[in-house]
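Hi,

Here is the structure I promised to pass on to you.

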Amino acid sequence: AGCFKADTSNLWIVAETVTGLSAVNKNTDIKVYPNPFSDVVEVDGLIRGDMITVYDADGRIMKQLKNLNGQPKQAIKLDDVAPGNYLLKVTDINKSIRTSTALQKIK
């Protein structure tokens with residue numbers, strides 16, 4: 001009674017502290033595309049000093065780039081990661097989260 005079986009193979013749990021959520025800038029003009037992607041993700045709307053970090057489903061850093069030249073658009077090569085779900089986070093120079101986006105890599 002009350003027992004059940006659930007498929008959790010595609011379950012994603014993303015947790016942020018209350019402090020982290022308050023630092024998210026919802027008025028950001030950052031665009032991340034395409035999604036789903038195959039090899040490259042474009043991030044547009046960056047400013048100098050932004051840090052782009054891509055995490056896998058286990059929270060491991062797969063790629064990390066800093067926008068040192070101030071270019072608003074950055075192509076992120078992810079051809080070396082396996083198909084699956086990822087999280088792309090952009091933080092500013094003060095470590096405030098500018099955007100956090102779930103991504104899916106397809107074959």
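This is a predicted model: local features need pLDDT of at least 70, side-chain atom pairs count only at pLDDT 80 or more; totals for chains, interfaces and linings use all residues.

Residues are numbered from 1 along each chain as its sequence is written, and side-chain values use heavy atoms, with hydrogens and water left out.

Let's start with strand E6, residues 84–91. (Strands, E, are DSSP runs of at least two residues, numbered from the N terminus.) Six of its eight residues are buried, so E6 is largely enclosed by the rest of the structure. Buried means under 20% relative accessible area, exposed is over 50%, and partly exposed lies in between, using a 1.4 Å probe and protein chains only.

E6 pairs with two strands (pairing takes at least two DSSP bridges). With E3 (residues 51–56) there are six bridges, antiparallel, and Thr 53 has Lys 89 as its bridge partner in E6. With E7 (residues 97–105) there are eight, also antiparallel, and here Lys 89 stands opposite Ser 100. E6 and E7 make a hairpin with five residues between them, and Lys 95 in that turn has a positive phi of about 70°.

Now for Lys 63, in strand E4 (residues 61–66). Its relative accessibility is 23%, so Lys 63 counts as partly exposed. What does its side chain reach at 3.1 Å? That would be the backbone oxygen of Lys 77, a residue 14 places away in sequence, with 8.8 Å between the C-alphas.

Cheers

Conventions: Helices (H or I, at least four residues) and strands (E, at least two) are DSSP runs, numbered from the N terminus. A polar contact is a pair of N or O atoms within 3.5 Å; within protein, one must be able to donate a hydrogen and the other to accept it, and residues adjacent in sequence count only if both atoms are side-chain atoms.
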